[in-house]
Amino acid sequence: RKYNVAILGASGAVGKVMLKVLEERDFPINNLKLLASARSAGKEVEFKGEKYKIEEVKPESFDNIDIALFSAGGSTSKKWAPIAVEKGAIVVDNSSAWRMDENVPLVVPEVNPEDVKWHKGIIANPNCSTIQMVVALYPIHKEKNIKRIIVSTYQAVSGAGAKAIEDLRKETEAKLKGEDYKPEALPNHIAFNVIPHIDVFLDNLHTKEEMKMVNETRKIMHAPDIKVSPTCARVPVFNGHSESVVIETEKPITVEETREILRNAPGVIVEDDPFNNIYPMPINADGKDEVFVGRIKKDLAFDNGIAMWIVADNLRKGAATNAVQIAELLIKYNLV
Ligand code: A2P
């Protein structure tokens, strides 16, 4: 069987990669509908050698759609997901709008694939930094019971959308010419800088991005008691998020055991030969679907502690690929 698929946000940074990933994986598509706002209506996009026109999203856009992949921001999703579901589509949503809703599964296929089975129309795709972290940590948690996670992120500008990618390019060019440029989609200067601020600040002085890593990790791993200490920063990298992660486990854990668990973990590639300059980096993860882990070392602050460095393409595994994998699960489990 083939399916009618819509992409809302088809002109955006993640939407474009969704198209690429659907094509690469030869997703069984009957009709493909590309949607965005009026701003992009009429723009042409290529899919499998054919040209498609982007349309402005309307309620009728979701008539006869089986699967709708959304990546158009939280408020757009809040408005359009219920309409798409009403029309009979299953929505896989990349925004943060529905992730913590108790009626909405939050799914990383390598971790909690079975959760798609209780969906009520919407399935949420987790935060990019959270996805790559849980893909690496869940297999360790199953064997060693993780009690605590301390994570610092080094997040690429692509995670903030197409405008932020332009911001980094334009500000870097301007600075090299000795000129000024003020980013439009980022809260501060990004060229030759690091911004410890992603999404909005909350009353507890954490950012919303940081709290996503706390709450979503617990929900995806079904581990309500895991303690997460997050700091999220934006770095002047175009694509690929990096994370320094320290875990404290209940059971004793060694570097060799961690390497062995990660070598057998689905979706993970261990890249860990530090004396030969081999470790995960965003420029190598760019364009790949796996999560790369290296710099695995015994942590010096906890008795049962391991530190590691986790890198993934945030537009792919952190967004588009994970969403398409969720759509593939819907087919696999006969839910669509
Ligand atoms: P548009 O290009 O028409 O603005 P990014 O994350 O790269 O900024 O992309 C956001 C995506 O979400 C774009 O495809 C954008 O379309 C789409 N989008 C943003 N706001 C709306 C809206 N109100 N209705 C429909 N699509 C929207």
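We'll start at the ligand and then move on to the aromatic rings. Keep in mind as you click that this is a predicted model.

**Stop 1: the ligand.** Select the ligand and show the 15 residues around it; S11, S37, R39, S40 and A162 come nearest. By type, that shell divides into 6 nonpolar, 8 polar and 1 charged. Now zoom in on the ligand's oxygen atoms. A polar side-chain atom of S11 lies 2.5 Å from one oxygen, and a side-chain N or O atom of S40 is 2.5 Å from an oxygen as well. G9 uses its backbone instead, with an N or O atom 3.2 Å from a ligand oxygen. On its own the ligand has 570 Å² of accessible area, and the protein covers 71% of that.

**Stop 2: aromatic pairs.** There are 4 of these in the structure. Pick F47 and Y52: the pair is edge-to-face, with 6.0 Å centre to centre and 80° between the planes. F47 is buried at 4% relative accessible area, while Y52 is partly exposed at 22%.

Next, select F62 and W80, a tilted pair with centres 6.4 Å apart and 40° between the planes. F62 sits in the loop between β5 and β6, W80 in helix α2, and 18 residues separate them in the chain. Both are buried.

**Stop 3: lysines over rings.** Show K78 with W98: the charged end of K78 sits over the ring, 4.3 Å from its centre. Then jump to K117, which lies over the face of Y333 at 4.3 Å from the ring centre.

Key
Residues numbered from 1 in each chain as written. Predicted model: local features only at pLDDT ≥ 70, side-chain atom pairs only at ≥ 80, totals over all residues. Heavy atoms only, no water. Near = heavy atom within 4 Å. Polar contact = N/O pair within 3.5 Å; in protein donor to acceptor, adjacent residues only side chain to side chain. Areas by Shrake-Rupley, 256 points an atom, 1.4 Å probe, with all protein chains shown as cover. Nonpolar A, V, L, I, M, F, W, Y, C, P; charged D, E, K, R; others polar. Phe/Tyr/Trp six-rings, centres within 6.5 Å; stacked < 30°, edge-to-face > 60°. Buried < 20%, exposed > 50% of the residue type's maximum accessible area, 1.4 Å probe, protein only. Helix = DSSP H or I, 4+ residues; strand = E, 2+ residues; numbered from the N terminus. Lys NZ or Arg CZ within 6 Å of the ring centre and 35° of its normal.
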